[in-house]
Amino acid sequence: MSTEKYIVFQLNDQEYGTSIEQIVSIERLLKVVSLPKVSDFIEGITKLRGDVIPVIDLKKRMDLPHSEETDQSRMLVSNVDDLSVGFLVDAASDVIDIDDSMIEAAPTSIKGINVNFLSGVAKLEDRLLLLVDLSYVLNYEEITEVKQVVEDEVNEDNQDSDLEEDNKAETEE
């Protein structure tokens, strides 16, 4: 038997868990710039420590009802297919150890939840915890779209920087 650490987070009133190995950091919500013509679950982009990262609304992606952001809302930053992605959650409350023997296979259907993202269900003493595999939240086409969004924004930032340098050089002459 082996034990693995999981981050416990909330979407609406349901608790979920994801392997701590999938999480780079947990951040307070940052300013997100909305983008036109992207999938509805892509909230936009934000800058985190100088890097542009796409922000995914995990509730929208999992077809869950919307709720307002609060002071407890967080962004789970994860690497998905060599890309840093921020996943919006209502709260990230705990890190717990879960023994493999406590995890059962994900059910084939749960009302109101897209089960394709679930890796299993942890039966804890006092509650059930739905385990989400963040690497499966986006399919190939969606990962490509998210990468394109970031690439476009980085290229635009570089052009703006070049433009700023050109503007600075012209004013010095």
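**Strand pairing and ring contacts**

Colleague: Which residue in strand 11 is the bridge partner of G17?
Modeller: The model is predicted: local features need pLDDT of at least 70, side-chain atom pairs count only at pLDDT 80 or more, and totals for chains, interfaces and linings use all residues. Residues are numbered from 1 along each chain as its sequence is written, and side-chain values use heavy atoms, leaving out hydrogens and water. Strands are DSSP runs of E, at least two residues, numbered from the N terminus, and two of them pair if DSSP finds at least two bridges between them. Strand 2 (residues 14-19) and strand 11 (residues 128-132) are parallel, with 2 bridges, and the partner of G17 is L131.

Colleague: What is the average twist in the open sheet of 5 strands?
Modeller: The sheet has mixed pairing and the order 3-6-7-5-4. Strand 3 (23-28) and strand 4 (42-48) each have a single partner strand, so one side of each lacks a neighbour in the sheet. Angles run from 0 to 180 degrees between N-to-C directions of lines fitted to C-alpha atoms. From one strand to the next, the twist averages 30 degrees.

Colleague: Are the planes of F9 and Y16 stacked or edge-to-face?
Modeller: Rings of Phe, Tyr and Trp (its six-membered ring) pair with centres within 6.5 Å; planes under 30 degrees apart are stacked, over 60 edge-to-face, the rest tilted. The search of the whole structure finds 1 aromatic pair. The centres of F9 and Y16 are 5.7 Å apart and the planes are at 15 degrees, so the pair is stacked.

Note on methods
Helix = DSSP H or I, 4+ residues; strand = E, 2+ residues; numbered from the N terminus.
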